[in-house]
Amino acid sequence: MNLLDILKFSEEYLQKYSFSKPRLESEKLIASVLNIDRIGLYVYFDKKLDKNEKETVKTYLKEMVTKNIGFDELLKEKGGNDLDLKDYREENRFILNKSIEYLEKYGVPNARIDAEYIFAHILKTGRNTLTLTFNRKIEEKELQEIKDFLRARGKERKPLQYLLGEWEFYGYPFKVDERVLIPRPDTEILVEQCKHLVVDMEKPKICDIGTGSGAIAIALGKELPQSQVLGVDISESALDVAKENRKLNGADNVRFLKSDLFETLKDEKYKSARFDLIVSNPPYIPAEEYKTLMPEVLRYEPQNALTDNNDGYEFYERISKEAGNHLVPKGYLAFEVGYNQAEKVSEIMRQNSFDVISVVKDYGDIERVVIGKKREEN
Ligand SMILES: C[S@@+](CC[C@H](N)C(=O)[O-])C[C@H]1O[C@@H](n2cnc3c(N)ncnc32)[C@H](O)[C@@H]1O
């Protein structure tokens with residue numbers, strides 16, 4: 001029985017006994033039992049009630065009917081003893097504000113947003129609906145969990161995404177931990193562009209080089225159910241996460257393979273495979289710049305996912321050089337690039353028989369995606 005079912009049941013029950021506002025009375029009763037703000041009740045319309053909650057609602061309904069009184073009166077009669085009627089909103093806001101201050105003290109950017117995510121995660125609600133649950137008491141166990149998360153986020157500067165264990169990319173959930181790079185919003189632009197390139201093909205074959213969590217491969221596989229996607233990565237542990245994410249998203253048209261760029265694809269078994277699109281968000285941060293990154297990135301994200309320990313162009317060179325051998329004629333090569341890299345990457349692609357057909361900017365007006373098309377050789 002979910003919240004809407006019990007509301008309906010309660011309304012009909014009170015109606016049968018001629019209560020004048022059966023819907024309102026039912027809402028007040030159920031909101032109190034579930035410790036939810038009445039106004040926010042419908043946000044939780046599909047919440048399943050446990051046995052205890054159902055019994056409590058039924059008991060109060062019976063009492064209201066027997067005594068022929070509304071829910072407010074019933075509460076007054078009980079002196080608020082049975083239900084915890086204290087309004088915790090102020091107290092909880094205070095705890096939230098203190099948490100934000102704590103994160104700020106440790107230099108966490110966007111401290112409010114992170115604190116809200118942490119509270120929402122522990123209180124098992126969404127960030128947008130957090131304040132609606134704030135009229136209930138935060139239990140001691142939950143407070144302890146919040147404190148542990150805050151310490152990890154603040155003092156230890158662990159990325160929020162690793163703490164939560166799951167993060168959304170292109171509208172799909174992805175498990176993330178220290179084995180994989182956290183998928184970034186900029187990469188969604190790459191996915192969007194790739195989708196447009198092959199959406200009209202009957203059965204496009206796509207290869208994602210350096211798949212990490214599987215974010216690009218799985219998002220494309222889900223968006224293009226007619227496609228066949230292969231994600232490759234050199235890191236076995238990253239591939240374990242990618243496989244979990246394939247399962248989580250039910251992306252049956254996506255496969256993963258361990259390979260140092262195209263190495264495994266040269267094996268007998270794969271060597272005839274030709275892709276319509278090769279996409280990659282490779283490690284592109286130059287070695288010098290890598291040292292200056294935020295503690296969240298330096299301490300927790302895999303180094304080999306971020307930097308080539310060189311000038312930042314090594315993977316663009318290596319991939320561009322070989323991609324042509326694995327593409328169909330006029331196949332596409334799409335890269336995410338770092339700040340200021342678009343021009344040189346375009347040049348590398350041209351030198352390797354690709355016509356650069358577009359360079360796309362991200363939301364911060366930075367050239368972020370470079371797309372090439374395999375040139376037809378005479
Ligand atoms: C920037 S991350 C991209 C992860 C994911 N595709 C994304 O966009 O969120 C780069 C990925 O390349 C992988 N990688 C690094 N060197 C590689 C190599 N030689 N061959 C294949 N993958 C490699 C890393 O393990 C990492 O998962």
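User: Which residues of α5 meet which residues of α6?

Analyst: Helices are DSSP runs of H or I with at least four residues, strands are runs of E with at least two, and both are numbered from the N terminus; two residues are in contact if their C-beta atoms, placed from the backbone, lie within 7 Å. Here L96, S99, I100, L103 and E104 of α5 meet A111, R112, D114, A115 and F119 of α6. This is a predicted model, in which local features need pLDDT of at least 70 and side-chain atom pairs count only at pLDDT 80 or more, while totals for chains, interfaces and linings use all residues. Residues are numbered from 1 along each chain as its sequence is written.

User: At what angle do the axes of α5 and α6 cross?

Analyst: Axes are lines fitted to C-alpha atoms, for helices over the stretch in contact, and angles run from 0 to 180 degrees between N-to-C directions. The axes of α5 (residues 89–105) and α6 (residues 111–122) come within 9 Å and cross at roughly 125 degrees. Angles under 35 degrees count as roughly parallel, over 145 as roughly antiparallel, 65 to 115 as roughly perpendicular and the rest as oblique, and α5 and α6 are therefore oblique to each other.

User: How are α1 and α3 oriented to each other?

Analyst: The axes of α1 (residues 3–16) and α3 (residues 51–67) come within 11 Å and cross at roughly 15 degrees, and these two helices are therefore roughly parallel to each other. Their contact is made by I6, S10 and Y13 of α1 together with K54, V57 and L61 of α3.
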